[in-house]
Amino acid sequence: MDPERSNGIHHVTLITRDVQANVDFYVGFLGLHLVKRTGGYEDGQQLHLFYGDDQGAPGSLVTFLVWQDGAPGRAGLGQVSEIAFAVPATSIGGWLVRALDQGVPVQGPLREFGEPVLRLKDPDGFIVKLVGLAEGATGSENAVGRLRAVTILTGDAEETSAFVRRFGYAPGPVAENIQRLVSDTDAVDVRNAAGYVPGLPGTGTADHVAFRAADVAALQDVEASLSRLNSSPTTVHDRKYFTSLYVREPGGTLFELATDGPGFAIDEPAGHLGETLFVPPHDAARAEDLKVMLPQFSMPGEPRLPRRDLPFVHRFYTPEDPDGSTFVLLHGTGGSEADLMPLAHRMAPRATMLGVRGRSHEEGIARWFRRMSPKVFDQADIHSEAEAFEAFMEGAISGYGLEAGRITFLGYSNGANFAAAVMALYPAVIRRAILLRAVPVLDPLPETDLTGSEVLVISGEQDPFGDGAPVLVEWLETHGAGTEHRAVAAGHQLTADDDMIARRWLSERKSHG
């Protein structure tokens with residue numbers, strides 16, 4: 001690209017672990033507008049939020065991939081480490097006061113490249129700078145303006161700077177180990193961090209920075225130019241609101257070139273941007289399931305559920321018309337707290353859902369307790385995790401105001417096994433349960449009183465792990481639980497029959513109640 005054809009930064013994409021805190025900061029504190037909410041194009045189960053000015057104009061945008069309660073990353077080489085928004089220079093004092101009043105971590109005012117700067121930290125710890133401009137700054141004391149700059153950490157500043165120049169940037173001033181590259185509207189600060197640690201992806205880090213292309217033709221010209229350069233591999237994607245070209249610069253930072261159009265108003269009218277949750281077209285068949293699985297949040301000023309600090313990572317889904325009942329969801333091996341939400345929502349559309357994440361990890365995947373082999377389980381771990389889960393449920397019921405008598409536990413595979421173990425060890429915790437593909441894991445199964453409990457066990461006739469299901473059912477019945485056992489023509493995977501049987505079972509209990 002030639003400098004004359006550059007329009008500067010299109011957007012920057014970061015990663016957050018707490019969607020509510022993220023919205024509160026970027027909308028509530030910085031004053032940006034939420035202009036689009038979608039399921040991710042690469043992963044439909046990942047919420048993607050877009051913030052910007054009221055039109056969602058390129059150059060005003062910062063977007064977030066939501067890794068709810070995900071692992072933190074590490075800022076380092078090959079990453080954008082800071083973003084900066086422009087504000088009027090006269091507003092810097094007001095922003096400092098607001099940050100101090102609202103408990104936002106802040107340093108400054110400092111001076112960078114002759115401009116007053118406040119260095120803030122967002123809720124994930126990412127550096128967000130407010131840069132005071134004497135002339136031409138949008139924004140005010142209550143709302144930031146357009147993106148002013150990004151900072152890139154690189155171990156090869158010369159190569160990175162040369163690559164940035166291909167996107168229409170010219171050399172600007174140098175300050176210590178930072179080379180500033182400038183366009184007509186913003187800047188890229190290339191920081192020579194040779195010898196520093198490589199960046200690690202995760203929450204609190206940046207995924208990429210995107211530069212503007214006027215249209216698809218301009219983007220294709222750049223793609224051809226990069227091909228002749230023999231750069232790193234490029235990929236082009238239709239992101240509905242813009243077309244994107246991705247490439248890594250020599251220092252490792254992911255760059256995107258994004259077209260200005262068609263923009264965010266193609267599926268929502270101006271003045272109502274960001275009000276509707278959309279899913280990518282290729283996920284249309286599971287759109288309703290995704291809308292249940294994606295984390296919910298409230299806009300600043302709206303009521304929100306209090307967040308309690310409890311022993312297990314958890315997430316709520318609240319339907320539009322809740323009936324006071326709650327489903328507690330326990331995922332299978334390698335699952336997440338959202339996995340069973342679509343199934344539970346189909347079973348009971350008006351129930352609030354509390355998805356919980358197991359704390360035991362095996363080769364990076366979540367489980368509810370450790371295992372020695374596929375059928376030999378760590379008994380001490382089962383006992384300790386069951387004890388922690390009892391405390392979790394006590395805190396959830398009191399802290400969130402749940403009706404203990406209207407809670408149904410839904411567990412699948414490892415989660416169902418864990419639920420059965422909790423019933424054995426702490427029978428007062430789980431009084432109604434739907435156990436999908438469950439087997440006993442306690443050795444020996446203890447004596448306990450399950451009188452008054454109601455349990456539906458659904459096993460798979462071809463389930464290779466299902467030989468223990470009859471043993472579990474017999475134990476439940478012997479110890480007083482009202483138990484129904486159904487077998488479906490399936491293996492370990494779930495089928496539509498599981499949904500149908502569970503709904504019928506729930507309906508019978510509702511009518512009897």
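Predicted model: local features only at pLDDT ≥ 70, side-chain atom pairs only at ≥ 80, totals over all residues.

Modeller: Two strands pair if DSSP finds at least two bridges between them. Strands (E, at least two residues) and helices (H or I, at least four) are DSSP runs, numbered from the N terminus. Residues are numbered from 1 along each chain as its sequence is written, and side-chain values use heavy atoms, with hydrogens and water left out.

Start with one pair. Strands β15 (residues 242–248) and β16 (residues 254–262) run antiparallel and are joined by six bridges. Within this pair, tyrosine 246 stands opposite glutamate 256 of β16.

Both strands belong to an open sheet of nine strands, in the order β14-β15-β16-β13-β1-β4-β3-β2-β17, with mixed pairing. At its edges stand β14 (235–238) and β17 (277–278); each has a single partner strand, so one side of each has no neighbour in the sheet.

α1 packs on it and touches β1 (9–16), β2 (33–39), β3 (47–52) and β4 (61–66), where contact means heavy atoms within 4.5 Å. The direction of α1 makes about 10° with that of β3 (axes are fitted to C-alpha atoms, for helices over the stretch in contact, and angles run from 0 to 180 degrees between N-to-C directions).

From α1 we can go on to the largest pocket. This pocket holds about 1,200 Å³ of space. Its lining has 43 residues, and Gln296, Phe297, Phe316, Tyr317 and Thr318 lie nearest its centre. Two or more lining residues come from each of α1 (19–29), α5 (287–293), β18 (314–317) and α6 (341–347). On a 1 Å grid over the protein atoms alone, a pocket is an open set of points with protein on both sides within 12 Å along at least five of seven lines, a cavity is a set where a 1.4 Å probe fits but cannot get out, and lining residues have an atom within 4 Å of a point. Points join across faces, edges and corners, and a volume is the space filled by probe spheres set on them.

The whole structure has two cavities of 30 Å³ or more. The largest cavity has a volume of about 50 Å³, and its lining includes Asn417, Pro440 and Trp475. α8 gives the most to this lining, with four residues. The second largest cavity has a volume of about 40 Å³. Among its lining residues are Glu112, Lys129 and Arg180, and β7 (115–121) and β8 (127–133) each supply at least two.
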